[in-house]
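Keep the structure open as you read.

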Amino acid sequence: MAPSLKTAVVDRVWITDSCIICLACEGVVPEVFNCDSDQAHIRAEARSDHLTDMNPDHAPLTIAAREFSEAIIEAAAGCPVEAIALTMA
Ligand code: SF4
(Lines give C-alpha, C1' and ligand atoms only; values in the text may rest on other atoms or scores of the structure.)
Protein backbone atom coordinates (compact mmCIF):
# COMPACT_ATOMS: atom_id res chain seq x y z
CA MET A 1 0.00 0.00 0.00
CA ALA A 2 1.36 3.43 -0.96
CA PRO A 3 2.10 5.79 1.91
CA SER A 4 -0.44 8.59 2.30
CA LEU A 5 0.70 12.12 1.62
CA LYS A 6 0.57 14.45 4.60
CA THR A 7 -1.71 17.39 3.92
CA ALA A 8 0.08 20.73 4.08
CA VAL A 9 -1.00 22.82 7.07
CA VAL A 10 -0.35 26.56 7.22
CA ASP A 11 0.30 27.70 10.79
CA ARG A 12 1.13 31.39 10.22
CA VAL A 13 0.28 33.83 7.46
CA TRP A 14 0.95 37.54 7.15
CA ILE A 15 0.85 40.39 4.62
CA THR A 16 3.94 42.33 3.59
CA ASP A 17 4.24 45.99 2.64
CA SER A 18 4.19 45.19 -1.07
CA CYS A 19 0.40 44.60 -0.98
CA ILE A 20 -1.41 46.65 -3.63
CA ILE A 21 -4.92 45.96 -2.20
CA CYS A 22 -6.13 44.08 -5.27
CA LEU A 23 -8.69 42.13 -3.16
CA ALA A 24 -7.77 38.79 -4.72
CA CYS A 25 -6.87 37.03 -1.46
CA GLU A 26 -10.16 38.02 0.15
CA GLY A 27 -11.94 36.57 -2.84
CA VAL A 28 -10.20 33.21 -2.38
CA VAL A 29 -10.40 32.89 1.42
CA PRO A 30 -12.67 35.51 2.99
CA GLU A 31 -12.55 33.54 6.25
CA VAL A 32 -8.87 34.49 6.62
CA PHE A 33 -8.17 37.58 4.49
CA ASN A 34 -9.98 40.90 4.64
CA CYS A 35 -9.21 44.10 2.70
CA ASP A 36 -10.12 47.69 3.40
CA SER A 37 -9.13 50.83 1.52
CA ASP A 38 -5.70 50.94 3.22
CA GLN A 39 -4.42 47.37 3.28
CA ALA A 40 -5.12 43.67 3.40
CA HIS A 41 -5.53 42.06 6.82
CA ILE A 42 -5.53 38.66 8.45
CA ARG A 43 -8.90 38.47 10.18
CA ALA A 44 -9.08 38.49 13.98
CA GLU A 45 -11.27 35.38 13.90
CA ALA A 46 -8.48 33.48 12.17
CA ARG A 47 -5.70 34.44 14.60
CA SER A 48 -4.65 33.34 18.03
CA ASP A 49 -3.99 36.97 19.08
CA HIS A 50 -7.46 38.09 17.85
CA LEU A 51 -6.06 41.23 16.21
CA THR A 52 -6.96 42.47 12.73
CA ASP A 53 -3.97 43.81 10.84
CA MET A 54 -1.27 42.59 8.47
CA ASN A 55 -0.06 40.26 11.23
CA PRO A 56 3.45 41.72 11.46
CA ASP A 57 4.18 39.64 14.57
CA HIS A 58 3.27 36.43 12.70
CA ALA A 59 0.67 35.33 15.25
CA PRO A 60 -0.35 31.69 14.68
CA LEU A 61 -3.60 30.83 12.96
CA THR A 62 -6.37 29.29 15.01
CA ILE A 63 -6.97 25.57 14.61
CA ALA A 64 -10.18 26.38 12.72
CA ALA A 65 -8.39 28.73 10.32
CA ARG A 66 -5.79 26.06 9.54
CA GLU A 67 -8.60 24.11 7.91
CA PHE A 68 -8.33 26.64 5.07
CA SER A 69 -4.65 25.84 4.46
CA GLU A 70 -5.12 24.69 0.89
CA ALA A 71 -6.98 27.88 -0.02
CA ILE A 72 -4.46 30.06 1.84
CA ILE A 73 -1.66 28.50 -0.21
CA GLU A 74 -3.72 29.11 -3.35
CA ALA A 75 -4.23 32.76 -2.37
CA ALA A 76 -0.50 33.22 -1.69
CA ALA A 77 0.37 31.71 -5.07
CA GLY A 78 -2.16 33.98 -6.75
CA CYS A 79 -1.07 37.23 -5.12
CA PRO A 80 0.23 39.36 -8.01
CA VAL A 81 2.99 40.96 -5.94
CA GLU A 82 3.88 37.99 -3.67
CA ALA A 83 2.76 39.94 -0.61
CA ILE A 84 1.42 36.93 1.29
CA ALA A 85 4.00 35.16 3.43
CA LEU A 86 3.36 31.97 5.36
CA THR A 87 4.92 29.14 7.30
CA MET A 88 3.89 25.51 7.46
CA ALA A 89 3.30 23.50 10.62
S1 SF4 B 1 -3.73 39.25 -3.14
FE2 SF4 B 1 -1.79 40.21 -2.48
S3 SF4 B 1 -1.82 42.28 -3.32
FE4 SF4 B 1 -3.90 41.48 -3.42
S5 SF4 B 1 -4.89 42.23 -1.54
FE6 SF4 B 1 -4.09 40.18 -1.12
S7 SF4 B 1 -2.05 40.50 -0.25
FE8 SF4 B 1 -2.64 42.40 -1.26
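Helices (H or I, at least four residues) and strands (E, at least two) are DSSP runs, numbered from the N terminus. Residues are numbered from 1 along each chain as its sequence is written. The model is predicted: local features need pLDDT of at least 70, side-chain atom pairs count only at pLDDT 80 or more, and totals for chains, interfaces and linings use all residues.

Start with Ala-44, in the loop between strand 3 (40-42) and helix 2. Ala-44 is partly exposed, with 14 other C-beta atoms within 10 Å. A residue is buried if 20 or more other C-beta atoms lie within 10 Å of its own, exposed if 12 or fewer, and partly exposed in between; C-beta atoms are placed from the backbone. Beyond its neighbours within four places in sequence, Ala-44 is in contact (C-beta atoms, placed from the backbone, within 7 Å) with His-50, Leu-51 and Thr-52.

Now helix 3 (residues 69-78). Ser-69, Ile-72 and Ala-75 are buried there. Seen down the helix axis, the buried residues fall within an arc of 120 degrees, so they line one face of helix 3. That arc is taken from the directions from the helix axis to the C-beta atoms. These buried residues pack against strand 1 (10-15), helix 1 (24-28), strand 2 (33-35), helix 2 (63-66) and strand 4 (84-88).

How values were computed. Two residues are in contact if their C-beta atoms, placed from the backbone, lie within 7 Å.
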